[in-house]
Amino acid sequence: MNPFVIWKNHQRLKKIIADEKPDIVHIQQVNRMAFMTARVLRKQRIKYAVTAWGSDVLIIPKKKCALTKRLQYVLNHKRI
């Protein structure tokens, strides 16, 4: 994926979270966007819950080590 697109999405996400000021966020699927969201929320000390679907936990992490690390980060740093 294009690094500029990732950076641009990260900036948009930070702005949305800053504007909305949520008390809690529900992350519906553990993917690249969930990882980005978890990092932004953690830095802003906002609680979040995660719903990891079967393929998020059972299939995708077996494809690449980086995907396993991303899954572990999102699940281990949740604040609820």
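Author: What follows takes such words one at a time and sets each against its definition. This is a predicted model, in which local features need pLDDT of at least 70 and side-chain atom pairs count only at pLDDT 80 or more, while totals for chains, interfaces and linings use all residues. Residues are numbered from 1 along each chain as its sequence is written, and side-chain values use heavy atoms, with hydrogens and water left out.

Reader: Why is helix α2 called oblique to helix α4?

Author: The axes of α2 (residues 32–43) and α4 (residues 65–76) cross at roughly 40° and come within 9 Å. Angles under 35 degrees count as roughly parallel, over 145 as roughly antiparallel, 65 to 115 as roughly perpendicular and the rest as oblique, so α2 is oblique to α4. The axes here are lines fitted to C-alpha atoms, for helices over the stretch in contact, with angles from 0 to 180 degrees between N-to-C directions. Helices themselves are DSSP runs of H or I with at least four residues, and strands are runs of E with at least two, numbered from the N terminus.

Reader: Which residues make the contact between α2 and α4, and how do they divide by class?

Author: Contact means heavy atoms within 4.5 Å; on α2 the contact is made by R32, A34, F35, A38, R39 and R42, and on α4 by R70, Y73 and V74. These residues divide into five nonpolar, no polar and four charged, where Ala, Val, Leu, Ile, Met, Phe, Trp, Tyr, Cys and Pro count as nonpolar, Asp, Glu, Lys and Arg as charged, and the others, Gly among them, as polar.

Reader: What makes α1 oblique to α2?

Author: The axes of α1 (residues 3–20) and α2 cross at roughly 50° and come within 10 Å, and that angle makes α1 oblique to α2. The contact joins I6, N9, H10, L13, K14 and I17 of α1 with M33, M36, T37, V40 and L41 of α2, and by class it has seven nonpolar, three polar and one charged residues.

Reader: How do you know whether K14 is buried, partly exposed or exposed?

Author: Buried means under 20% relative accessible area, exposed over 50%, and partly exposed in between, with a 1.4 Å probe and protein chains only. K14, in helix α1, has 34% relative accessibility and therefore counts as partly exposed. Leaving aside neighbours within four places in sequence, K14 is in contact with V40 and Q44.

Reader: And where do K21 and P22 fall on that scale?

Author: K21 is found in the loop between α1 and β1, and its 63% relative accessibility makes it exposed. P22 lies in the loop between α1 and β1, but at 24% it counts as partly exposed.

Reader: What makes the phi of K21 worth a remark?

Author: Most residues other than glycine have a negative phi. K21 is not a glycine, yet its phi is positive, about 50°. R45, in the loop between α2 and β2, is likewise not a glycine and has a positive phi of about 55°.

Reader: How do you know that β1 and β2 pair?

Author: Two strands pair if DSSP finds at least two bridges between them, and β1 pairs with β2 (residues 47–50) in the parallel sense over four bridges. In β2, V50 is the bridge partner of I27.
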